[in-house]
Amino acid sequence: METKANYVLIGAFTIAVTVFGLLFALWAAKYASDRSWETYAVVFNEPVTGLSEGSSVQYNGIAVGTVQNLQLAPDDPRQVIAQLRLDAQAPVKIDTRARLSMTSLTGPPIIQLTGGSPDAPRLIDRSDREVPIILTEPSALQNIADTANRLVERLDTLFSDANIAKIDSTLTNLENATAALGDGREDITELLRSARSASQQLERTLDSANTVIGDFDRGFVQELPQLVEKLDRTLVRLDSAADGADAILNENRAAINSFANDGLSQLGPTLGELRALVRDLRRISDRLESNPARYLLGRDAPKEFEPE
């Protein structure tokens, strides 16, 4: 009897738990249906690999909705339109941006909403479309993919057939140069010996030059006091001569002023008379040279008689 009683209790408990679970599910479904939702759209210009209907939509890491539908844009198959079902209380502003994100290395991608300044108006209030569109920004995955594509393109350009041929030619020339250096090892050794000898000779020359400069410096230092003394005496004499000239000028200042005022004023007429005298002398010289007899005798020279 006890065994049958235990079975009855277990069965009753199981039935009660099942009924409670069904009631909770009906309550949750009713709560979800009574909850208000808003529909938004996001247009991606990149592949949305891994994203599917029912994927989570988060706003700064907090779940606010799900992806309701995914489809290609009718006018541009390069774009993907994702229809989102978000909580009506989610603060989706006009400056809110959407991008693909990964919750973990192995987890499925989600749509992450970011931005939304406090003073910005809500998108649902400012949009004139039936379904407001949330603008997107490149995801980290897309940036990595674009960088990888550019890197592959550059590597492809770098390792083109022409560049490989140039590298092969360079390696061949390097091998030939190495072989030539090996063949001319004796010449190189001789060149190094000559360079070493020239370096030693240059070192001896520099030592000699340093010695000469040192001797010159010592001699100059020894003669420097005498030179300074002679220069000092010369400057004293020049100073004395300048003082004498200044005294002479002061003593004869009146005569110099008189000459400057009276003598220079008479010098002009005297120079004029000298200039006229020189002009007359030049005229007399010209007449003597052209016909000296006429100028001295007042008539032409007599002609000589020539018998027939």
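**Exercise 1. Locate Gln58 in the fold, classify its burial and list its contacts.**

Step 1. Gln58 belongs to strand E2, which covers residues 56-59. Helices (H or I, at least four residues) and strands (E, at least two) are DSSP runs, numbered from the N terminus.

Step 2. The model is a predicted one, in which local features need pLDDT of at least 70 and side-chain atom pairs count only at pLDDT 80 or more, while totals for chains, interfaces and linings use all residues. Residues are numbered from 1 along each chain as its sequence is written, and side-chain values use heavy atoms, with hydrogens and water left out.

Step 3. Buried means under 20% relative accessible area, exposed over 50%, and partly exposed in between (1.4 Å probe, protein chains only). Gln58 has a relative accessibility of 17% and therefore counts as buried.

Step 4. A contact means heavy atoms within 4.5 Å. Leaving aside residues up to four places away in sequence, Gln58 touches Ala63, Val64, Thr103, Ile110, Ile111, Gln112 and Leu113.

**Exercise 2. Give the strand order of the barrel and describe the pairings of E1 with E4, E5 with E7 and E1 with E7.**

Step 1. The barrel is closed by seven strands in the order E1-E4-E3-E2-E6-E5-E7, with mixed pairing. From one strand to the next, the twist averages 35 degrees. For such angles, axes are lines fitted to C-alpha atoms, for helices over the stretch in contact, and the angles run from 0 to 180 degrees between N-to-C directions.

Step 2. Two strands pair if DSSP finds at least two bridges between them. Strand E1 (residues 37-44) pairs with strand E4 (residues 80-87) in the antiparallel sense over eight bridges. Within this pairing, Glu38 has Leu86 in E4 as its bridge partner.

Step 3. Strand E5 (residues 96-102) runs parallel to strand E7 (residues 133-136), with two bridges. Here Arg97 is partnered by Leu135 in E7.

Step 4. E1 and E7 also pair in the parallel sense over two bridges. Ala41 stands opposite Ile133 in E7.

**Exercise 3. Describe the loop residues Gly116 and Asn60.**

Step 1. Gly116 is found in the loop that runs between strand E6 (109-115) and helix H2 (123-126). Its relative accessible area is 27%, so Gly116 is partly exposed.

Step 2. Gly116 touches Tyr59, Lys93, Asp95 and Thr96, again not counting residues up to four places away in sequence. Between Gly116 and Val92 the C-alpha to C-alpha distance is 6.7 Å, although they are 24 residues apart in sequence.

Step 3. Asn60 lies in the loop between E2 and strand E3 (62-72). With 54% relative accessibility, Asn60 counts as exposed.

Step 4. The phi of Asn60 is near 55 degrees, a positive value in a residue other than glycine. Most residues other than glycine have a negative phi.

**Exercise 4. How many salt bridges does the whole structure hold, and which residues form them?**

Step 1. A salt bridge is a side-chain nitrogen of Lys or Arg within 4 Å of a carboxyl oxygen of Asp or Glu. The search of the whole structure finds three salt bridges.

Step 2. Asp76 and Arg78 form one of them, with the closest N and O atoms 3.1 Å apart. Asp76 is buried at 17% relative accessible area, whereas Arg78 is exposed at 67%.

Step 3. Arg99 and Glu137 meet through their side chains at 3.5 Å, N to O. Arg99 is in strand E5 and Glu137 in the loop between E7 and H3, so this pair ties together parts that are 38 residues apart in sequence. Arg99 is partly exposed at 24%, and Glu137 is partly exposed at 30%.

Step 4. Arg233 and Glu229 form a salt bridge with an N to O distance of 3.2 Å. Both lie in helix H5 (residues 185-251), four residues apart, about one turn of the helix. Arg233 is partly exposed at 40%, as is Glu229 at 48%.

**Exercise 5. Which residues make the nonpolar surface patch, and which helix gives its largest share?**

Step 1. Patches are made of residues with over 30% relative accessible area and no salt bridge; like charges are joined within 9 Å, nonpolar side chains (Val, Leu, Ile, Met, Phe, Trp, Tyr) within 5 Å. Accessible areas come from the Shrake-Rupley method with a 1.4 Å probe, and for residues only the protein chains shown count as cover.

Step 2. Leu151, Leu155, Leu158, Phe159 and Ile164 make a nonpolar patch of about 480 Å².

Step 3. Helix H3 (residues 140-158) contributes the largest share of the patch, three residues. Leu151 is placed in helix H3 and counts as exposed at 51% relative accessibility.
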